[in-house]
Amino acid sequence: EEIEKGGFDHFMLKEIFEQPTVMKDVMRGRVRLDDGLVRLGGIEDYLEQIKGARRIVICACGTSWHAGLIGEYLIEEFARISVEVDYASEFRYRNPILDKNDVVIVISQSGETADTLAALRLAKEKGATVIGICNVVGSTIARETHCGMYTHAGPEIGVASTKAFTAQVIVLYLLALALSKGRTLDDHEIELYLRELSAVPDKVGKILDLNDQILAIARSYKDSKNCLYLGRGFNFPVALEGALKLKEISYIHAEGYPAAEMKHGPIALIDEDMPVVFIANCDATYTKILSNIEEVRSRKGKVIAIANEGDEDIGVLADHVLYIPSAAGPVTPLLNVIPLQILSYHIATLRNCNVDRPRNLAKSVTVE
Ligand code: G6P
């Protein structure tokens, strides 16, 4: 096992650090930069049908559901097709309205999650076209879908998903671009978005260099009882994922929220014992996020901000700033999630938790 961990203390840390390589593997053979071509062999025969879908429904559980939420933002932004995201467990029990004009995307790292599999079977029964996004080759979900794309993230051993998540987001990004071609984006725009995506692995490499800085922040908050994660737009699902990572492996109660919703509830919880992680990239909502940060500070909450290199304003407001490279909005989830994964990892190990096998959780939930 020590050999398999490749010199890392835990599989989770190894898998976090593998992400630049995994991301390149996901893109390999699928992206041609010179002429902005996206090639998704597994769904080629269904592409025109998906482009014509009345709507797309994404079903998944856990971290894969968070990837699905990012997929919703990406597909709607690029391809202008209406998307709904549902927990597979809810979808299957509420007699969903579906027919042959709908496309259902099921996302599952393991390809064996019971609720996701049941959602897939129900969607097929109702006549929808079902696309799978799975990591495990030959898994039940991969076999039963009409068509699909593998994430090619390699085996993920840590129960808390990291590299499989970023791989799922990349596949959804490529799918969204493929659905835009000839419809909502011109070839030049697609090429620019592909270039943004190709720059991500190196940027992630730089973010991994923040490891020691993140460890120092983790030391300050390892005894917290609660933690709040806030983000907007493409990064609202990243806030959810950051909170899930922390609760899964450190057993600290954490919640993710869209930053603007803070005033409708979570703000009541803020005091000097409440760390708040803000995803505060320099984008259209940046000034709004800054005012949310001020609101937290004025209630003595502690602020950890994920901000862009060169942003000098934020240092004055936040207790801790993690500076990451800037990028176009649609790729930012792939960058912002990395420091959140690392933060959870360090907090959990400082609390002596078993990060690779957290209590009560399973890597693959094959029973209801
Ligand atoms: C379990 C795992 C999570 C995972 C979820 C969905 O809860 O602990 O890490 O995100 O199942 O799994 P799937 O294999 O369907 O992506």
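The model is predicted: local features need pLDDT of at least 70, side-chain atom pairs count only at pLDDT 80 or more, and totals for chains, interfaces and linings use all residues.

**Exercise 1. Around the ligand**

Task: Find which residues come nearest to the ligand, and sort the shell by residue type.

Solution: 
- Step 1. A residue counts as near a molecule or strand if its C-beta atom, placed from the backbone, lies within 6 Å of it.
- Step 2. There are 16 residues around the ligand, and Gly 62, Thr 63, Ser 108, Ser 110 and Thr 113 come nearest.
- Step 3. Helices (H or I, at least four residues) and strands (E, at least two) are DSSP runs, numbered from the N terminus. Helix α4 (residues 62–79) gives the largest share of the shell, three residues.
- Step 4. For the types, Ala, Val, Leu, Ile, Met, Phe, Trp, Tyr, Cys and Pro count as nonpolar, Asp, Glu, Lys and Arg as charged, and the others, Gly among them, as polar. The shell then divides into five nonpolar, ten polar and one charged.

**Exercise 2. Strand β10 and its partners**

Task: Work out how many residues of β10 are buried, and which strands pair with β10.

Solution: 
- Step 1. Buried means that 20 or more other C-beta atoms lie within 10 Å of a residue's own; exposed means 12 or fewer, and partly exposed is in between, with C-beta atoms placed from the backbone.
- Step 2. In β10 (residues 275–280), six of the six residues are buried. Pro 275, Val 277 and Ile 279 point one way, while Val 276, Phe 278 and Ala 280 point the other way.
- Step 3. Two strands pair if DSSP finds at least two bridges between them. Strand β8 (residues 226–231) pairs with β10 in the parallel sense over three bridges; here Tyr 229 has Val 277 as its bridge partner, and Leu 228 has Val 276.
- Step 4. β10 also pairs with strand β11 (residues 302–308), in the parallel sense over six bridges, and Ile 279 stands opposite Ile 306 there.
- Step 5. Follow the chain from β10 over helix α13 (residues 286–298) to β11, and you have a right-handed β-α-β unit. Right-handed means that, with the strands pointing away from the viewer, the path from the first strand over the helix to the second runs clockwise.

**Exercise 3. One side of a helix**

Solution: 
- Step 1. Helix α9 (residues 187–198) has twelve residues and reaches 16 Å from its first C-alpha to its last, close to the expected 16 Å. The expected span is 1.5 Å times one less than the number of residues.
- Step 2. Its buried residues are Ile 190, Tyr 193, Leu 194 and Leu 197.
- Step 3. An α-helix has 3.6 residues a turn, so residues three or four places apart point the same way.

**Exercise 4. Two residues compared**

Task: Decide whether Val 200 is buried or exposed, and whether Asn 360 is buried or exposed.

Solution: 
- Step 1. Val 200 lies in helix α10 (residues 200–208). Val 200 is buried because 24 other C-beta atoms lie within 10 Å.
- Step 2. Asn 360 is found in the segment after α15 (332–350). Asn 360 is exposed because 6 other C-beta atoms lie within 10 Å.

Definitions and conventions
Residues are numbered from 1 along each chain as its sequence is written.
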